[in-house]
Amino acid sequence: MSQLTTDTSQQSKFRGLANRVPGAVAVIRRFSSALPALFILIGAAAPFLIDSPFRLQVLTLAFLNAAVVTALTISLGYGGLLNLSQGTYYGLGAYTTAILVTEHEWSFFTAVIAAAVFAGFGGYVLALASLRVRDDYFVLVSLGFTFAIAQLMANLPSITRGREGFFGIPKLSLFGLSFNDPIQAYFLCLGLFAFVYAITRRLAHGFLGRSLLVVNHDDVAARSMGMPPFKLRATSMVISSGLAGICGGFLVGTIQFISPNDFGFDASFTMTLYAIIGGLTSLAGVASTAFIFTLLLEEFRSLGSYTVGLVGLAVIIAVFIRGGVVADVVRKLLPSSRNRNRR
Amino acid sequence: MLHISNITKSFGGVHALKDVSFSVGDREIVGVIGPNGSGKSTLINVVSGFYRPDGGDVTLDDVSLVAMAPAAIRRQGIGRTFQNLRLVEKMSVLDNTIAGYYLAQTGTRSLLWTWLSELLFLPSARKRKQEAKRVAREALSRVGLSEKSEMLAANLSYADQKRLELARVLTLPPRILILDEPTAGMSVEEADELIRTIVDLVKTSDNSMSLLLIEHRLDLVLDVSDRAVVMDGGAVINDDVPAVIAHDPEVRRIYVGGE
């Protein structure tokens with residue numbers, strides 16, 4: 001049986017597992033829609049199990065990263081706009097928040113909303129490029145956009161305080177939770193992740209997600225059905241970058257220091273790679289990839305700049321498995337009815 | 001209703017369409033026939049906005065369509081299918097149809113607002129979702145796919161996939177339905193059945209729908225259409241009722257002599 005093709009041998013391996021524990025798999029399948037919620041619940045228990053504030057902050061950042069990359073699936077996975085700019089929107093949001101709360105004494109809440117609007121506008125500007133160029137060339141434009149904004153952040157000291165980074169951010173809080181308490185900061189970022197995940201999931205299964213899937217699948221057919229492609233793509237880009245802007249605001253609250261280096265090419269590149277490894281339109285796959293990789297890279301900090309290379313290696317492995325490594329495993333374990341909507 | 005007047009289109013040195021003119025009236029079924037390379041598909045692409053003609057005009061109810069984008073032309077009421085299948089294979093039959101309805105709506109709505117209303121569980125979003133399902137189910141029942149609405153598009157037979165494309169167009173009822181060789185690659189029985197469904201659709205539609213049918217099977221076209229337009233080498237060589245076309249020696253030369 002396993003000699004037929006590699007694919008069936010892989011499946012039979014999983015089927016063998018399913019035969020051994022039929023009850024367990026049936027239960028997992030039945031409650032597969034509740035899995036992300038379960039994951040978040042487990043996440044909510046983490047602060048009571050982990051003593052080290054450092055480890056807790058790593059988890060906090062992992063959830064933040066997972067949130068940004070989950071938002072990226074809207075433009076990259078559903079909108080089909082292969083872009084290397086998510087880190088830039090993250091940065092635009094972070095700088096907007098930092099400047100507004102520090103120099104203009106806005107409340108964190110209003111500053112984050114402004115950050116979402118500003119980053120969303122940045123997304124729109126990049127989406128304009130998709131009117132003129134496509135595919136590979138669009139990637140180049142977004143790359144240029146990423147470099148340009150990073151240079152602006154580094155070289156406009158009067159606004160961004162330049163290369164040294166943005167110090168002296170006041171203590172921030174939201175809904176009565178303070179970012180200065182590691183546990184409360186953790187819950188804020190966990191909540192943000194849950195928020196972004198829920199929004200993205202709802203989008204994916206609703207009006208926009210379905211429309212975007214068709215556009216992505218077949219541009220010509222979509223146009224023949226009355227869909228203006230730019231409008232749809234631009235909307236996906238604005239939502240995706242706006243959510244990244246919100247995450248940027250939370251980053252400012254969490255680490256109270258930002259510098260242009262955090263939002264350069266490396267940041268955007270790794271985010272896009274996480275989305276690709278995770279399977280582009282598989283939200284659970286993308287979110288867990290970003291989460292796990294952030295933890296791993298933090299664990300192996302001593303490797304320094306090799307880490308980008310490691311992520312690159314993971315991509316090379318991932319492209320040989322259609323739809324992404326993690327998504328593939330998830331799909332095989334949980335061939336639930338919802339998976340049929342994914343590419 | 002639909003007037004195609006003096007359309008010319010060339011690609012480099014190749015004159016794909018030379019001064020093509022004809023019109024399609026209310027509830028009329030017009031067949032376009034001609035050998036491969038006679039310009040039939042180019043003509044459809046001009047009418048549906050995918051190509052811009054070098055000269056001439058296309059009007060629907062006196063509104064000129066030539067400067068419009070494909071999406072805008074679709075909303076004006078020109079619905080088309082393609083020669084090859086253009087479905088999302090991994091979505092169910094119903095989801096494909098719903099997507100067709102949604103896509104037809106995207107042109108006229110603020111997408112950000114639509115998304116927000118859905119996100120906030122506003123009643124308008126729920127109503128829209130129900131409406132989409134209702135329209136999609138109705139379109140599926142009109143093409144005879146009600147029973148198969150939960151199947152994946154990929155698992156349908158070829159003939160049923162063609163029907164699904166038809167249902168998708170019907171979610172925004174077109175004034176003019178343009179079908180590009182809908183029966184290509186089908187058995188004679190399947191083709192006859194599909195054509196019967198299509199003709200039925202046009203005859204029983206609530207709004208006045210007309211049909212522009214591109215076909216290479218001469219017998220089918222002459223059988224069902226009210227008028228047939230014969231194209232050869234990018235030009236219209238005859239435009240008349242089927243009885244006349246059937247006895248046109250030029251048409252016989254193209255079809256019989258060519259084979």
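This is a predicted model: local features need pLDDT of at least 70, side-chain atom pairs count only at pLDDT 80 or more; totals for chains, interfaces and linings use all residues.
**Helix pair in chain A**

I started with two helices of chain A and found H9(A) and H12(A) roughly antiparallel to each other, because angles over 145 degrees count as such and their axes cross at roughly 175°. The two axes come within 10 Å.

I then checked the length of H9(A), which covers residues 182–204. Its 23 residues should span 33 Å at 1.5 Å a residue, and the end C-alpha atoms are 32 Å apart, so the two agree. Buried residues of H9(A) include A:Tyr186, A:Phe193, A:Tyr197 and A:Leu203.

**Chain A overall**

I counted 16 helices and two strands in chain A. Of its 343 residues, 45% are buried. Among contacts with a separation of 6 or more, 79% link residues 24 or more positions apart.

**Sheet in chain B**

I moved on to chain B and found an open sheet of four strands, ordered E2-E1-E4-E5 with antiparallel pairing. Strands E2 (14–24) and E5 (63–64) sit at the edges, each pairing on one side only. E1 (residues 2–11) is joined to E2(B) by seven bridges. I looked up one partner: B:Ile7 bridges to B:Val20 in E2(B).

Last, I traced helix H1 (residues 40–47) of chain B, which lies across E1, E2 and E4 (55–60) and runs at about 65° to E2(B).

Methods: Residues are numbered from 1 along each chain as its sequence is written. Chains are lettered from A and ligands numbered from 1 in the order in which they are written. A residue is buried if 20 or more other C-beta atoms lie within 10 Å of its own, exposed if 12 or fewer, and partly exposed in between; C-beta atoms are placed from the backbone. Two residues are in contact if their C-beta atoms, placed from the backbone, lie within 7 Å. The expected span of a helix is 1.5 Å times one less than its number of residues. Axes are lines fitted to C-alpha atoms, for helices over the stretch in contact, and angles run from 0 to 180 degrees between N-to-C directions. Angles under 35 degrees count as roughly parallel, over 145 as roughly antiparallel, 65 to 115 as roughly perpendicular and the rest as oblique. Two strands pair if DSSP finds at least two bridges between them.
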